[in-house]
Amino acid sequence: RQQKKPYDPTLRSPEDSTYNTPNTTLERDRNVCEGPQDLAPEVFLDHLNRRVATDESDCDARFLRGQTLMGLRKDAEAEKDFLRILEINREHAGAWCGLGQVSMIQGHLERAQKLFACALERSPTYGYAHLLMGRVTE
């Protein structure tokens, strides 16, 4: 088994606008998530919980928290985050896709397909939504 290399921000492309300068909270969160490869999801979840407690309308934190919760097999909690995002912003393709993932996990494939279609209506180039749509339509 190949050992994972530690995160090295200097390996990012200089053309990347965020190259070595995490300008936003979301970028810092991604760096934390990609940081030490053995970062416990619970630690990241705790950070996201604090962000959401500080700003209830932080859709980025809610989305990352929903994805993290699904990774921890807490699908019902993840679903609540995705639904709350859509109350704030109906155009958030990631939230539609997240709901589709939850539906897929629950075995509701027709519902998942409709939710992935909603994600793709809002973001036609959303690769992960295309991938998951392919899996539910096989």
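Which residues touch the most other members of the largest nonpolar core? Of its 25 residues, F82, I85, W96, C97, F116 and A119 do so, a nonpolar core being a set of buried Ala, Val, Leu, Ile, Met, Phe, Trp, Tyr and Cys residues joined through side-chain atoms within 4.5 Å. The views below show a predicted model, in which local features need pLDDT of at least 70 and side-chain atom pairs count only at pLDDT 80 or more, while totals for chains, interfaces and linings use all residues. Residues are numbered from 1 along each chain as its sequence is written, and side-chain values use heavy atoms, with hydrogens and water left out.

**Figure 1. Overview of the protein chain and its confidence.** The protein chain has 7 helices and 0 strands, where helices (H or I, at least four residues) and strands (E, at least two) are DSSP runs numbered from the N terminus. Of its 138 residues, 38% count as buried, a class that means under 20% relative accessible area, with exposed over 50% and partly exposed in between (1.4 Å probe, protein chains only). The chain exposes about 8700 Å², of which carbon and sulfur atoms supply 51%; accessible areas come from the Shrake-Rupley method with a 1.4 Å probe, and for residues only the protein chains shown count as cover. The mean pLDDT, the predictor's confidence in each residue on a scale from 0 to 100, is 80 for the chain, and 72% of the residues reach 70 or more. Confidence is lowest in helix α1 (residues 25–34), at a mean of 48, and highest in α4, at 97. Over residues 6–33 pLDDT stays under 50. Where pLDDT is low, the predicted coordinates should not be read in detail.

Figure 2. Not counting residues up to four places away in sequence, C97 touches F116, A119, Y126, Y128, A129 and L132, contact meaning heavy atoms within 4.5 Å.

**Figure 3. Helix α5 and its surroundings.** Helix α5 has 13 residues and reaches 18 Å from its first C-alpha to its last, close to the 18 Å expected at 1.5 Å a residue, the expected span being 1.5 Å times one less than the number of residues. Because 11 of its 13 residues are buried, α5 is largely enclosed by the rest of the structure. The buried residues of α5, including W96, C97 and L99, pack against α3, α4, α6 and α7. Helix α5 is followed by G107, whose phi is positive, near 90 degrees.

**Figure 4. M104 in helix α5.** M104 is found in α5 and is partly exposed, with a relative accessible area of 24%. Leaving out residues up to four places away in sequence, M104 touches L109, A112, F116, L132, R135 and V136. The C-alpha atoms of M104 and V136 are separated by 7.5 Å, although the two lie 32 residues apart along the chain.

Figure 5. D81, found in helix α4, counts as buried at 3% relative accessibility. The side chain of D81 makes a polar contact with the side chain of R62 (2.9 Å); a polar contact is a pair of N or O atoms within 3.5 Å, where within protein one must be able to donate a hydrogen and the other to accept it, and residues adjacent in sequence count only if both atoms are side-chain atoms. Leaving aside neighbours within four places in sequence, D81 is in contact with R62, R65, G66 and L69. R51 lies in helix α2 (residues 41–54) and is buried, with a relative accessible area of 11%, and its side chain makes a polar contact with the side chain of D58 (2.7 Å).

Figure 6. L64 lies in helix α3 and is buried, with a relative accessible area of 17%. From C-alpha to C-alpha, L64 and F82 are 9.9 Å apart in space, and they are 18 residues apart in sequence. R73 is found in the loop between α3 and α4 and counts as exposed, at 72% relative accessibility. The phi of R73 is near 60 degrees, a positive value in a residue other than glycine. Most residues other than glycine have a negative phi.
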